[in-house]
Amino acid sequence: MKIDVLTIFPEYFDSIFEFGIIRRAKLAEIVEINVHDIREFATDKHKMVDDRPFGGGDGMVLKPEPLFAAIEHLTGASDRKDYREDLRVVLLTPQGRQFNQQAAADFAAEAEHMVLICGRYEGVDERVSERLVTDELSIGDYVLSGGEPAASVVVDAMVRLLPGALGSETSAENDSFSDGLLDCPQYTRPAEFRGMKVPEVLLNGHHAEIDKWRRKMAFEKTKKVREDLLMGENGERE
Ligand code: SAM
């Protein structure tokens with residue numbers, strides 16, 4: 001998979017993709033991540049990327065010209081109707097649909113090329129969405145100062161689901177949300193710490209019992225803190 005990130009603060013990403021699973025996935029050529037400075041696509045002599053909003057009001061808005069130029073350069077298309085089927089151009093915005101584990105899995109399975117647009121200030125000129133964006137994504141109901149943290153969240157959640165990214169020693173199958181439940185509690189050595197003991201069942205090596213216990217604990221944790229995950233579409237417990 002190829003990921004292009006468009007930002008006015010490329011330095012933000014200097015080290016963020018250089019750790020753990022993302023770094024390994026890059027080295028193994030499972031994913032290629034390129035960060036681009038939107039300013040490089042500005043055409044005027046002052047390299048302007050933002051301007052005041054029409055109609056007045058606070059703040060600045062990211063201008064359409066540099067973003068159109070950048071996306072045309074990266075995708076070879078100037079209208080989303082001409083995109084390849086496996087291309088996604090994503091605008092990070094609090095007004096987007098909520099990004100979650102299912103969305104991460106869908107993108108990981110379907111997208112070969114993704115362009116992520118990081119907004120700043122009051123946001124991005126609406127014509128970018130109108131013509132070029134395939135998905136508007138929000139990482140939660142709060143407002144960040146810029147799309148950069150949101151882009152790094154989307155990249156991380158998605159890349160770990162690409163085939164081979166997690167390696168053989170771990171899997172996303174039992175992670176929270178993958179089967180509709182939160183993950184079960186985990187313990188490691190020592191078996192007793194400050195008077196707190198690891199549950200006996202985890203020490204006996206009986207895998208069927210351990211699986212049953214884990215499932216039960218995952219269900220109980222989900223019921224306690226995220227009962228909404230147990231509800232079906234009609235709002236009733238499944
Ligand atoms: N005026 C905008 C609004 O109220 O919808 C907020 C703009 S915000 C200060 C600047 C940029 O941060 C946005 O353009 C977007 O790229 C990013 N951003 C802020 N909150 C976000 C969220 N919850 N999810 C994804 N991106 C977000």
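Tutor: Buried means under 20% relative accessible area, exposed means over 50%, and partly exposed lies in between. The model discussed here is predicted.

Student: Is F9 buried, partly exposed or exposed, and which loop holds F9?

Tutor: F9 has a relative accessibility of 32%. Buried needs under 20% and exposed needs over 50%, so F9 counts as partly exposed. Its place is in the loop between β1 (2-7) and α1 (20-27).

Student: Which residues form a nonpolar patch on the surface with F9, and what is the accessible area together?

Tutor: The patch on the surface is nonpolar and includes F9. Y12, one of its members, is partly exposed at 34% relative accessible area. The other members are I16 and Y121, and together the four residues F9, Y12, I16 and Y121 have an accessible area of about 330 Å².

Student: How many aromatic pairs does the structure hold, and what is the geometry of Y12 and F13?

Tutor: The structure holds two aromatic pairs. In the pair of Y12 and F13, the ring centres are 5.1 Å apart and the planes stand at 70°. Planes over 60 degrees apart count as edge-to-face, so the pair of Y12 and F13 is edge-to-face.

Student: What is the geometry of F13 and F17?

Tutor: The ring centres of F13 and F17 lie 5.6 Å apart, with the planes at 20°. The limit for stacking is under 30 degrees, so this pair is stacked.

Student: Are F13 and F17 buried or exposed, and which residues make up the cluster of ring pairs?

Tutor: F13 has 5% relative accessibility and therefore counts as buried. F17 is buried too. The ring pairs link into a cluster the residues Y12, F13 and F17.

Student: How many salt bridges does a search of the whole structure find, and which residues are linked in a network?

Tutor: The search of the whole structure finds 14 salt bridges. The residues linked in a network of salt bridges are E18, R23 and K26.

Student: In the salt bridge of K63 and E65, which residue counts as buried?

Tutor: The side chains of K63 and E65 meet at 3.4 Å, N to O. E65 has a relative accessible area of 43%, so E65 is partly exposed. At 17% relative accessibility, the residue that counts as buried is K63.

Student: How far apart are the closest N and O atoms of D228 and R226?

Tutor: D228 is partly exposed at 44% relative accessibility. R226 is partly exposed as well, at 30%. D228 forms a salt bridge with R226, and their closest N and O atoms are apart by 2.9 Å.

Student: Which backbone atoms lie 3.4 Å from the ligand, and how much of the ligand does the protein bury?

Tutor: A backbone N or O atom of T93 lies 3.4 Å from a ligand nitrogen atom. For G146, a backbone N or O atom lies 3.4 Å from an oxygen atom of the ligand. Taken alone the ligand exposes 590 Å², of which the protein buries 85%.

Student: Which element gives the most to the shell around the ligand?

Tutor: β5 (87-98) and β7 (135-138) are the elements that give two or more residues to this shell. The element that gives the most, with four residues, is β5.

Key
Residues numbered from 1 in each chain as written. Predicted model: local features only at pLDDT ≥ 70, side-chain atom pairs only at ≥ 80, totals over all residues. Heavy atoms only, no water. Buried < 20%, exposed > 50% of the residue type's maximum accessible area, 1.4 Å probe, protein only. Phe/Tyr/Trp six-rings, centres within 6.5 Å; stacked < 30°, edge-to-face > 60°. Patch = residues over 30% accessible without salt bridge, like charges linked within 9 Å, V, L, I, M, F, W, Y side chains within 5 Å. Areas by Shrake-Rupley, 256 points an atom, 1.4 Å probe, with all protein chains shown as cover. Polar contact = N/O pair within 3.5 Å; in protein donor to acceptor, adjacent residues only side chain to side chain.
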